[in-house]
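Student: I'd like to learn how to read a protein model. Can you walk me through one?

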Amino acid sequence: MDVLGGNHRHEAPWKRMSKEELDNQYSPSRWVVRLGAEEAMRTYSQIGSEVTKRAQATGRSLLDVPYGEGEGEKLDIYLPEAVSEAMPFLVFFHGGYWQSGSKDTSAFMVSPLTAQGVAVVIVAYDIAPKGTLDQMVDQVTQSIVFVQKRYPGNQGIYLCGHSAGAQLAAMMLLANWIKHGVTPNLKGFFLLSGVYDLEPIMHTSENAPLLPTLEDAQRNSPLWQLETAPTQPADPACRILVTVGQHDSPEFCRQSREFHQTLCRGGWKASFAELHDVDHFEILWNLTQEDYVLTQIILKTIFQQS
Ligand SMILES: N[C@@H](CC(=O)c1ccccc1NC=O)C(=O)O
């Protein structure tokens with residue numbers, strides 16, 4: 001046990017893994033059960049662009065709204081049929097290992113959520129090599145400040161992130177909002193198949209430009225940050241749901257479990273769910289369906305609190 005009450009760091013299972021094994025554990029496409037790895041990645045962007053086109057075809061969207069000065073600092077807002085001052089907002093951050101993915105292929109949950117009166121915001125950020133992780137975290141912070149300022153009467157802002165996007169969303173637990181002049185009305189976090197400790201990623205082939213030093217990895221690891229410098233929830237009612245797919249790799253499952261435990265130890269209202277029979281990508285694809293268990297949990301969480 002260390003002074004912080006955690007002992008996993010001394011026996012982190014990834015430290016005993018070969019480079020091949022680490023590469024394997026941190027390549028989600030290799031753990032897809034119903035498709036081959038390449039086919040899974042093709043299907044991923046195909047489904048993403050189709051649902052996004054469909055979401056935009058309803059005409060109830062504001063596209064490429066700038067939230068900052070930079071070219072890449074744009075977001076899309078999808079509005080429900082009944083627009084009111086007091087809508088809840090779900091803000092989504094896509095994954096792609098901080099080096100792929102786009103807001104233009106990520107409108108997965110728009111249809112079932114807008115149908116129930118939730119406005120959905122899909123955020124673009126500068127992926128590597130253009131952006132560094134620090135810049136991405138800063139852009140995500142800015143995008144949330146923008147939503148709060150544009151919709152000050154919102155019924156709550158819920159953050160949702162997938163994979164690398166879940167790390168970006170989780171970093172918002174540590175954000176210093178005072179510095180930004182506005183405290184967003186954050187009411188919940190939905191973290192899907194995320195990575196919360198980036199140190200093992202440093203040792204994979206995916207890493208090359210992302211995390212040059214251990215300090216970069218630690219500064220951008222919500223797990224490490226919350227263990228070394230715990231923060232308090234601004235709103236004690238703020239809910240955090242940490243989810244992972246049953247078919248995600250053992251390392252992805254471990255990261256989610258440990259992050260959930262760290263949150264609970266820190267006094268956050270966190271829950272954990274391993275979603276039955278889905279992989280790293282299906283967990284997100286299924287959010288296109290209103291009757292999917294995770295869609296229902298998200299809607300219930302939002303409407304229990306507003
Ligand atoms: N090269 C990775 C791709 C990947 O990790 C990924 C792809 C799309 C969306 C999320 C992903 N993972 C985390 O951000 C793989 O082989 O699975």
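Student: Is H280 buried or exposed?

Tutor: A residue is buried if 20 or more other C-beta atoms lie within 10 Å of its own, exposed if 12 or fewer, and partly exposed in between, with C-beta atoms placed from the backbone. H280 has 25 other C-beta atoms within 10 Å, so it is buried. Keep in mind that this is a predicted model: local features need pLDDT of at least 70, side-chain atom pairs count only at pLDDT 80 or more, and totals for chains, interfaces and linings use all residues. Residues are numbered from 1 along each chain as its sequence is written.

Student: Which residues is H280 in contact with?

Tutor: Contact means that two C-beta atoms, placed from the backbone, lie within 7 Å. Leaving aside neighbours within four places in sequence, H280 is in contact with P28, W31, S163, S193, G245, D248 and F252.

Student: Where does UniProt place the "active site" feature?

Tutor: UniProt positions use the numbering here, feature names are shortened, and annotations may be inferred rather than shown by experiment. The unreviewed entry places this one at S163, D248 and H280. They are spread over 118 residues of sequence, yet they cluster in space, with a largest C-alpha distance of 10.7 Å.

Student: And why does S163 count as buried?

Tutor: Because S163 has 26 C-beta neighbours inside 10 Å. Among its contacts, not counting residues up to four places away in sequence, are P28, G95 and H280.

Student: How much of the whole protein is buried?

Tutor: Of its 306 residues, 45% count as buried.
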